[in-house]
Amino acid sequence: MNKFVVDAMLGKLALWLRLTGHDTIYDTDVHDDELLEIAKKTGRILLTSDEELFERAQNAKVESMLVRGTVDDRVVDVFIRYGIKPEVDPRIARCSKCNGGLIELTGSGKELIKNIVFEQTYNHYDTFWFCNDCESVYFMGGHWKNMIEYMNRIAAQIKSRKD
Ligand SMILES: [Zn+2]
């Protein structure tokens, strides 16, 4: 699976890459020069909306893509180019906030997050996903349904581009 480093203008794209399981560095404090260095050192693909940075990456023989347009366009373009399936699967997803790996908690394992989520939420869902790095908790509630709907919309756009 490809790994990415994404510039500060592409936060939404970074989120969807993480949720589809891609190790993605996105940090608004990291300067453009550092992004290129990170890509070079770690073999990550650099995604940028900055033409100058894109050209520098090309000159440095770093795999890079110039990403433009609306959020939808950006997600569709990158997913097509790198063969990414528009599916959010919690078993492979990474934390959308920090890029950490997620741990599945079910049965008595749920107790780990008992004090982090609302009691009602805790009782309602059997399975949670927990980020060890930033302690974010994910579960298949309304937010999750919105993510699935968005990925369906992206899937339809990918299909219509290919028709
Ligand atoms: Zn996290």
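## Helix packing and the zinc site

Helix 4 and helix 6 (residues 142-162) pack with their axes 10 Å apart and at an angle of about 65 degrees, where axes are lines fitted to C-alpha atoms, for helices over the stretch in contact, and angles run from 0 to 180 degrees between N-to-C directions. That makes helix 4 roughly perpendicular to helix 6; angles under 35 degrees count as roughly parallel, over 145 as roughly antiparallel, 65 to 115 as roughly perpendicular and the rest as oblique. This is a predicted model, in which local features need pLDDT of at least 70 and side-chain atom pairs count only at pLDDT 80 or more, while totals for chains, interfaces and linings use all residues. Residues are numbered from 1 along each chain as its sequence is written, and side-chain values use heavy atoms, with hydrogens and water left out.

The crossing of helix 4 and helix 6 is right-handed, a term for the near helix being turned clockwise from the far one by less than a right angle, anticlockwise being left-handed. On the side of helix 4 the contact (heavy atoms within 4.5 Å) involves Val71, Asp72, Asp73, Val75, Val76, Asp77, Phe79 and Ile80, and helix 6 contributes Tyr150, Met151, Arg153, Ile154, Gln157, Ile158 and Arg161. By class, this contact of helix 4 with helix 6 holds 9 nonpolar, 1 polar and 5 charged residues, given that Ala, Val, Leu, Ile, Met, Phe, Trp, Tyr, Cys and Pro count as nonpolar, Asp, Glu, Lys and Arg as charged, and the others, Gly among them, as polar.

Helix 4 also meets helix 1 (residues 11-19), and the axes of these two come within 9 Å and cross at roughly 45 degrees; helix 1 and helix 4 are therefore oblique to each other. In this contact Lys12, Leu13, Trp16 and Leu17 of helix 1 face Val71, Arg74, Val75, Val78 and Phe79 of helix 4, a set that divides into 7 nonpolar, no polar and 2 charged residues.

A further pair is formed by helix 2 (residues 32-42) and helix 3 (residues 51-59), which are roughly parallel to each other. Here Asp32, Asp33, Leu35 and Leu36 in helix 2 meet Leu53, Arg56 and Ala57 in helix 3, with 4 nonpolar, no polar and 3 charged residues in the contact.

| Helix pair | Axis distance | Angle |
|---|---|---|
| Helix 4 and helix 6 | 10 Å | about 65 degrees |
| Helix 1 and helix 4 | within 9 Å | roughly 45 degrees |
| Helix 2 and helix 3 | within 11 Å | roughly 30 degrees |

The zinc ion has as its protein donors Cys95 (SG), Cys98 (SG), Cys131 (SG) and Cys134 (SG), lying 2.3 Å from it; donors are N, O and S atoms within 2.8 Å of the metal (3.2 Å for Na, K and Ca), and sites may look incomplete because water is not among the atoms. The 4 donor atoms subtend angles of 98 to 115 degrees around the zinc ion, so the arrangement is tetrahedral, which for four donors requires all angles to lie between 85 and 135 degrees. The spacing of the donor residues in sequence is C-x2-C-x32-C-x2-C. Cysteine 95, in the loop between helix 4 (71-81) and strand 5 (102-106), and cysteine 131, in strand 6 (residues 127-131), are 36 residues apart, and the pair links distant parts of the chain.

Overall, the chain has 6 helices and 7 strands, which are DSSP runs numbered from the N terminus (helices H or I, at least four residues; strands E, at least two).

Technical notes. Tetrahedral: all angles 85-135°; square planar, octahedral: opposite > 155°, others 65-115°.
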